[in-house]
Amino acid sequence: MGAVVRRPVAWVAAIVLLAEAVGFVFVNGVMATVVDNQQMSLAGLDPDAMSTGTWGAGFGLGLYLVCCAALLVRAAITDRGFGRVARPVLISCAILHAVLGALAVGLVGWAAFLFMMVVLGLIVLTLIAYAERAEPGGPTATAPAGTGPSAA
């Protein structure tokens with residue numbers, strides 16, 4: 001897959017993740033405000049602690065998604081693959097979207113599930129497009145040198 005496809009996919013995935021980060025912070029802010037205004041409590045927990053925790057979770061997840069978007073922007077600008085830290089971070093982001101998609105189908109509906117699966121597909125497509133390429137005649141990226149059918 002050439003740069004003609006992988007750069008735009010990385011840009012689109014980054015933009016979607018940035019929009020999603022803003023959405024998560026907004027939704028958690030609304031929930032925190034409702035909990036704080038109505039002084040709601042769950043199993044005797046302090047409403048102020050619940051409100052603060054909801055804000056913290058929203059900002060934490062929003063920051064995580066912004067970091068993932070920054071990794072995608074770097075890949076789109078430089079047209080280089082992901083390193084040892086960036087690849088697992090983006091894989092965890094893909095797993096997060098798979099789990100949220102499974103939860104969203106039951107709690108929110110099929111439209112939210114479809115959105116989560118589109119974002120999951122964009123992240124996975126970007127990871128595959130920027131996978132390490134094996135050099136012709138050299139060892140493959142997955143098998144160590146000296147293994148395989150020609151090693152005997």
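## Helix α4

Buried means under 20% relative accessible area, exposed over 50%, and partly exposed in between, with a 1.4 Å probe and protein chains only. In α4, the buried residues are Met116, Val119, Leu120, Leu122, Ile123, Thr126, Leu127 and Ala129. α4 has 20 residues and reaches 28 Å from its first C-alpha to its last. That is close to the 28 Å expected at 1.5 Å a residue. Helices are DSSP runs (H or I, at least four residues), numbered from the N terminus.

This is a predicted model: local features need pLDDT of at least 70, side-chain atom pairs count only at pLDDT 80 or more, and totals for chains, interfaces and linings use all residues. Residues are numbered from 1 along each chain as its sequence is written, and side-chain values use heavy atoms, with hydrogens and water left out.

## Aromatic pairs

Rings of Phe, Tyr and Trp (its six-membered ring) pair if their centres lie within 6.5 Å; planes under 30 degrees apart count as stacked, over 60 as edge-to-face and the rest as tilted. The count comes to 3 aromatic pairs. One of them, tryptophan 55 with phenylalanine 59, is stacked, at 5.6 Å centre to centre and 20 degrees between the planes. Both residues lie in helix α2 (residues 47–78), 4 residues apart, about one turn of the helix. Tryptophan 55 is partly exposed at 33% relative accessible area. Phenylalanine 59 is partly exposed too, at 49%.

Phenylalanine 82 and tyrosine 130 have ring centres 5.7 Å apart and planes at 70 degrees, so this pair is edge-to-face. The pair links distant parts of the chain, 48 residues apart: phenylalanine 82 sits in the loop between α2 and α3, tyrosine 130 in the segment after α4. Phenylalanine 82 is buried at 9% relative accessibility, and tyrosine 130 is buried at 4%.

Methods:
Helices (H or I, at least four residues) and strands (E, at least two) are DSSP runs, numbered from the N terminus. The expected span of a helix is 1.5 Å times one less than its number of residues.
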